Amino acid sequence: MKLIEIKKRNPELLEKLLLVWESSVRATHLFLSNDEINKIKRYVPQALNSIPILLVAEDENGNPLGFMGIAEQMLEMLFVSNDNRGQGIGKQLLQYGIEKYSVNKLAVNEQNPLAKGFYEHMGFTVYKRTELDEQGNPYPLLYMKRN
């Protein structure tokens, strides 16, 4: 596996990352309905295009296994394909973000306890909770920071 910092974001790459995103979300965001996932999915390419720092974990054939987006020391997104979860890919991505980009903050859905536990394992602690997500939906967010 290798980590690649993506500068040029072409439609083919965005399509591959969208598949990783959907695989990850369907496995971990059990609180979302199929309709909600499909609605959010429409905005993912735009988010991938606009995130300042995009890192992709690729296999030996150049296929994305997971990806991470960072803006101003905040982890904005971290998704690992369901087929590749539990292999340390998320840990490698986040560790790289911490070391190279000083990632020290993130927000995670409260209803995704595995992600919360992962971030706690990586040294993050909850400092704030909101009842609604950033789009105003009833999905509480936990804001976490690393000391």
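This is a predicted model: local features need pLDDT of at least 70, side-chain atom pairs count only at pLDDT 80 or more; totals for chains, interfaces and linings use all residues.
## The loop between strand 4 and helix 4

N84 is buried, its relative accessible area being 15%, which falls in that class because buried means under 20%. When residues up to four places away in sequence are not counted, N84 touches L65 and I89. R85 lies in the loop between strand 4 and helix 4 as well, but R85 is partly exposed, with a relative accessible area of 33%. Its contacts, again not counting residues up to four places away in sequence, are with A27, T28, V80 and L114. R85 and E12 are 73 residues apart in sequence, and their C-alpha atoms are 23 Å apart in space.

## Two pairs of helices

Helix 1, which covers residues 11-28, packs with helix 2, which covers residues 34-41, at an angle of about 155°, and the axes of the two helices are 11 Å apart. Helix 1 is therefore roughly antiparallel to helix 2, since angles over 145 degrees are counted in that way. The crossing of helix 1 and helix 2 is right-handed. On the side of helix 1 the contact is made by L18, W21, E22, V25 and R26, while helix 2 contributes N34, I37, N38, I40 and K41. Sorted by class, the residues of this contact between helix 1 and helix 2 are five nonpolar, two polar and three charged.

Helix 4 and helix 5 form another pair, with axes that come within 11 Å and cross at roughly 50°. This angle makes helix 4 oblique to helix 5. The crossing of helix 4 and helix 5 is right-handed. The residues that meet are G90, K91 and L94 in helix 4 and F118, Y119 and H121 in helix 5. In the contact of helix 4 with helix 5 there are three nonpolar residues, two polar residues and one charged residue.

## The nonpolar cores

How many residues does the largest nonpolar core have? It has 23 residues, and those with the most contacts inside it are L75, L94, V103, Y119 and F124. Two or more residues of this core are given by each of strand 2 (53-58), strand 3 (64-71), strand 4 (74-80), helix 4 (89-101), strand 5 (105-109), helix 5 (113-121) and strand 7 (141-146). Helix 4 supplies the largest share of the core, namely five residues. For L75, leaving aside its neighbours within four places in sequence, the contacts are with M68, G69, L94, V103, K105, L106, A107 and Y119. Another core lies apart from this one; it has 20 residues, and L17, L18, L54 and F67 are among them. L18 also takes part in the contact of helix 1 with helix 2.

## Two further loops

The loop between strand 3 and strand 4 holds E72 and also Q73. Most residues other than glycine have a negative phi. E72, however, has a positive phi of about 50° although it is not a glycine, and Q73 has a positive phi of about 65°, likewise without being a glycine. E72 counts as exposed at 76% relative accessibility, because exposed means over 50%, whereas Q73 is partly exposed, with a relative accessible area of 37%.

M122 is found in the loop between helix 5 and strand 6, the latter covering residues 124-130. Is M122 buried or exposed? At 6% relative accessibility, M122 counts as buried. Leaving aside its neighbours within four places in sequence, M122 is in contact with K91, L94, Q95, I98 and R146. M122 and S50 are 72 residues apart along the chain, and their C-alpha atoms are separated by 26 Å.

| Residue | Relative accessible area | Class |
|---|---|---|
| E72 | 76% | exposed |
| Q73 | 37% | partly exposed |
| N84 | 15% | buried |
| R85 | 33% | partly exposed |
| M122 | 6% | buried |

How values were computed
Residues are numbered from 1 along each chain as its sequence is written. Side-chain values use heavy atoms; hydrogens and water are left out. Axes are lines fitted to C-alpha atoms, for helices over the stretch in contact, and angles run from 0 to 180 degrees between N-to-C directions. Helices (H or I, at least four residues) and strands (E, at least two) are DSSP runs, numbered from the N terminus. Angles under 35 degrees count as roughly parallel, over 145 as roughly antiparallel, 65 to 115 as roughly perpendicular and the rest as oblique. A crossing is left-handed if the near helix is turned anticlockwise from the far one by less than a right angle, and right-handed if clockwise. Contact means heavy atoms within 4.5 Å. Ala, Val, Leu, Ile, Met, Phe, Trp, Tyr, Cys and Pro count as nonpolar, Asp, Glu, Lys and Arg as charged, and the others, Gly among them, as polar. A nonpolar core is a set of buried Ala, Val, Leu, Ile, Met, Phe, Trp, Tyr and Cys residues joined through side-chain atoms within 4.5 Å. Buried means under 20% relative accessible area, exposed over 50%, partly exposed in between (1.4 Å probe, protein chains only).
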